[in-house]
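Here is a short briefing to read alongside the structure. Take a look at the sequence and the 3D view first, then follow the notes below.

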Amino acid sequence: MKNDASFDFQSISPEIAVERAVAELRFGRPVVLREGGRQIVTLALDCVSPSVFDQFARACDDRHGLYLTEERADRLGIDSSGGIAVPLAGRSFEEASHLAYTLGAQKPESWAPADPLVAASTEIARLALLLPAMVACEIESGNGRFSACQALDMAQLKASNAARQHFRQVVSTRVPLKQIGDADFAVFRGGLAQKDQIAIIVGKPDTSAPVPVRIHSSCLTGDLCGSLKCDCGDQLRNGLKQLQAAGGGVLVYLDQEGRGTGIGAKMRAYGYQHQGLDTIDADAELGLASDHRRYEAAAAMLRHLGIEQVILHTNNPTKIDGLRVNGIDVTGQVGVTGTVTRENVDYLRTKTLKAGHTLALENLIAAE
Ligand SMILES: Nc1nc2c(ncn2[C@@H]2O[C@H](COP(=O)(O)OP(=O)(O)OP(=O)(O)O)[C@@H](O)[C@H]2O)c(=O)[nH]1
Ligand SMILES: [Zn+2]
């Protein structure tokens, strides 16, 4: 955590500036992003009302454009690197939304490669758990029409990344669990999105040797409600049992619903899955990449617990890489499976085929 003495009440840190911008976007207000001598003003389409959209168009003198990510552009049949900008002059909120997220939308008549500064603003939308469809416009310095909007420098956005690793433990308390008995729930606070994150400590792991660890991303539908569409609930409970059987370990439960996209995006993606898209293409239709999760928080929490070496319980190679780039030594991997159901088999197959999950799916199906 930052040394409290560094807060002088007269300036703000990069991460506070970013958090404020995130809050503004979620209120449906524009954010100004600056780099060098340039500045753009941007709104997340996902979070504005039609009247604010029209008001923004007027304030931009109709020079505003719609930024679409590379994934969304690709779904519209446009090959781009870094996304595209579609001019919005004369277009309604409904037309813009159709272009940004609707299944089966037509390729726009005109578009241009995206401004990298606008593309960078999707990072704020991502932290705000909003879809990365940005309505944006370049503005001159001295333009007073957006003077009350939160402004952010690109340098602050980049510098805020360091905060992703700043965590402190708030509390650790015993909780009796149905399947494995007592476990300690250690709550950590900090990071960039300032959410509380949890490490569930099973038994008394020996931190002088590689510790069995599961990194589990939250899944409200699966973990909590027993949804048959995924294997998350089983993996959560089986993961805890595996850690106990291994003589103790840690399950890091990360607030990363929908592979880091949030419950709103995940439910929208489920809607497209009901229309036949797989889990990756459904996210791409919303402009999202195949996985938005980050592992700085997990690595920082493990280090707080004195853990530098782990045996990771996962089928997902991205989690192994994610821990390694954040300084945790992954010395081994153990798979974690759940029940294959009629409803989740396609999801599991897509994870193995498109996301490289090491899951022997056909063996699992044959064993049931
Ligand atoms: N966007 C999106 N997220 C989903 C979908 N189904 C499940 N999820 C999310 O996917 C994540 C799955 O988390 P985990 O089980 O920890 O991770 P995993 O990538 O399956 O890897 P391992 O379980 O470790 O093998 C959770 O954040 C779920 O909310 C989906 O169809 N779309
Ligand atoms: Zn799930």
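Which of the 22 residues around ligand 1 come nearest? They are Ser 217, Cys 219, Thr 314, Asn 315 and Asn 316. Please keep in mind that this is a predicted model.

**Shell around ligand 1**
- Helix H9 (257–260) makes the largest contribution to the shell, with three residues.
- At least two residues each come from strand E11 (211–217), helix H8 (232–245), H9, helix H10 (263–274) and helix H11 (279–285).
- By residue class, the shell holds 12 polar, five nonpolar and five charged residues.

**Annotated binding site**
- In an unreviewed UniProt entry, the "binding site" annotation covers positions including Arg 214, Ser 218, Glu 257, Thr 314 and Lys 319.
- The annotated positions are spread over 106 residues of sequence, and in space they reach up to 22.7 Å between C-alpha atoms.

**Two annotated residues up close**
- Ser 218 sits in the loop between E11 and helix H7 (220–224), and its contacts beyond four places in sequence include Asp 223, Tyr 253 and Glu 257.
- Ser 218 is partly exposed because 19 other C-beta atoms lie within 10 Å.
- Lys 319 belongs to helix H13 (residues 317–325) and, beyond four places in sequence, touches Ile 215, Tyr 295, Leu 312 and Thr 314.
- Lys 319 has 23 C-beta neighbours inside 10 Å, so it counts as buried.

**Helix H1**
- The 13 residues of H1 (residues 14–26) should span 18 Å at 1.5 Å a residue, which agrees with the 19 Å between its end C-alpha atoms.
- Its buried residues include Val 18, Val 22 and Leu 25, and their cover includes strand E1 (31–35) and helix H5 (116–127).
- Gly 28, which follows H1, has a positive phi near 75 degrees.

Technical notes
Residues are numbered from 1 along each chain as its sequence is written. Chains are lettered from A and ligands numbered from 1 in the order in which they are written. This is a predicted model: local features need pLDDT of at least 70, side-chain atom pairs count only at pLDDT 80 or more; totals for chains, interfaces and linings use all residues. Helices (H or I, at least four residues) and strands (E, at least two) are DSSP runs, numbered from the N terminus. The expected span of a helix is 1.5 Å times one less than its number of residues. A residue is buried if 20 or more other C-beta atoms lie within 10 Å of its own, exposed if 12 or fewer, and partly exposed in between; C-beta atoms are placed from the backbone. Two residues are in contact if their C-beta atoms, placed from the backbone, lie within 7 Å. A residue is near a molecule or strand if its C-beta atom, placed from the backbone, lies within 6 Å of it. Ala, Val, Leu, Ile, Met, Phe, Trp, Tyr, Cys and Pro count as nonpolar, Asp, Glu, Lys and Arg as charged, and the others, Gly among them, as polar. UniProt positions are given in the numbering used here, feature names are shortened, and annotations may be inferred rather than shown by experiment.
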